Amino acid sequence: MTAVASYCDAKAHHGQWIVRIEDTDIPRIYPDSEQHILKCLDAFGFQSDAEIIYQRHRLDIYQSVIEQLKQKHFVYACECTRKILGSNHIYAGTCRDKQLDFQDQAIRVKVSDQNICFNDRLQGQHCANLQRDLGDFVLKRRDGIINYQLAVVVDDYLQEISHVVRGADLLDNTERQIWLGQLLGYPALEYMHLPLAMNHLGQKLSKQNLAQALDLKHAPELLLQAIIALGQAPVDLDQPDLMLAQAVAQWDISRIPQGTTLQSIYQ
Ligand SMILES: [Zn+2]
């Protein structure tokens with residue numbers, strides 16, 4: 001559904017649609033999952049308008065951005081273990097003034113006591129107070145893994161992304177990303193967060209919740225289902241690329257269901 005919506009939105013505005021593999025969390029990547037995703041996109045008629053980049057091949061780029069942030073004293077080393085932090089998700093800034101050496105420590109970015117707001121094209125105004133709601137957040141883990149928040153902000157900038165269309169599960173990450181972009185002097189982006197497809201238990205459809213993989217043999221029928229779930233006018237069953245072309249021509253974001261979740265899209 002995210003692929004359909006982002007593709008139609010980009011193409012309806014004569015933009016480019018770009019595939020990026022966000023795989024910095026290397027130990028958690030399922031073997032072959034990337035190839036499976038790319039095969040799926042292909043079977044459903046999607047083609048990236050730029051070379052597909054893999055974030056795990058770009059770690060030196062993210063590291064150089066961390067060096068920039070270090071020079072400006074926007075980041076610091078944090079020695080807190082997960083055990084110390086416990087389940088409290090808002091970091092209290094314990095290591096902020098310790099001046100720890102960066103070697104082998106997590107790296108956190110400082111946030112300030114201010115509201116960050118943005119106008120989501122679908123969800124309306126969304127705000128967070130960085131200090132109160134989020135706290136200083138990790139850009140690089142102690143084990144060297146680059147955090148998604150940093151990688152995505154850097155690549156959106158380097159790939160000259162203007163519009164982000166993604167699932168509403170990422171809504172609460174957006175203020176952090178806007179903050180990082182501001183610290184780095186990057187231009188602001190437009191956001192649209194789509195309602196998430198839920199199962200009958202009210203859980204997001206995902207591998208963790210044992211959602212079934214897409215059956216590529218039924219790509220046209222499934223594509224039609226996704227288009228309809230997004231509130232769009234139906235398209236004629238055909239080859240997926242032709243169905244997408246029709247969906248682009250009919251694309252109307254005012255028809256996308258309101259809210260952050262979609263129930264019972266499987267009738
Ligand atoms: Zn700490």
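Analyst: Let us begin with contact: two residues are in contact if their C-beta atoms, placed from the backbone, lie within 7 Å. Helices (H or I, at least four residues) and strands (E, at least two) are DSSP runs, numbered from the N terminus. This is a predicted model, in which local features need pLDDT of at least 70 and side-chain atom pairs count only at pLDDT 80 or more, while totals for chains, interfaces and linings use all residues. Residues are numbered from 1 along each chain as its sequence is written.

User: Which residues of α1 are buried, and what covers them?

Analyst: A residue is called buried if 20 or more other C-beta atoms lie within 10 Å of its own, exposed if 12 or fewer, and partly exposed in between, with C-beta atoms placed from the backbone. In α1, the buried residues are V4, A5, S6, Y7, C8 and D9, and their cover includes the strands β8 (163-167) and β9 (190-194) as well as the helices α8 and α9.

User: What comes after α1?

Analyst: After α1 comes H14, which has a positive phi, near 55°, although H14 is a residue other than glycine. H14 sits in the loop that runs between α1 and β1 (20-21), and H14 is exposed, with 6 other C-beta atoms within 10 Å. D104 also has a positive phi, near 60°, and is likewise a residue other than glycine; D104 belongs to the loop between α4 (82-85) and β4 and is exposed, having 11 other C-beta atoms within 10 Å.

User: Which residues of α9 are buried, and which are exposed?

Analyst: An α-helix has 3.6 residues a turn, so residues three or four places apart point the same way. In α9, which spans residues 240-250, M243, L244 and A247 are buried.

User: How many residues of α7 are buried?

Analyst: Helix α7 (residues 174-183) is mostly covered, for seven of its ten residues are buried, among them W179 and L180. Just after α7 comes G185, with a positive phi of about 75°.

User: At what angle do α3 and α6 pack?

Analyst: Axes are lines fitted to C-alpha atoms, for helices over the stretch in contact, and angles run from 0 to 180 degrees between N-to-C directions. Helix α3 (residues 59-71) packs against helix α6 (residues 148-158) at an angle of about 95°, with the axes 10 Å apart. The two helices are therefore roughly perpendicular (angles of 65 to 115 degrees; under 35 is roughly parallel, over 145 roughly antiparallel, and the rest oblique). I61, Y62 and V65 of α3 make the contact with L150, A151 and V154 of α6.

User: In what order do the three strands of the open sheet stand?

Analyst: Two strands pair if DSSP finds at least two bridges between them. The open sheet has the order β3-β4-β7, and its pairing is antiparallel. β3 (75-78) and β7 (137-140) stand at the edges with a single partner strand each, so one side of each has no neighbour in the sheet. From one strand to the next, the twist averages 45°. Strand β4 (residues 106-109) pairs with β7 over three bridges, and R108 has V138 of β7 as its bridge partner.
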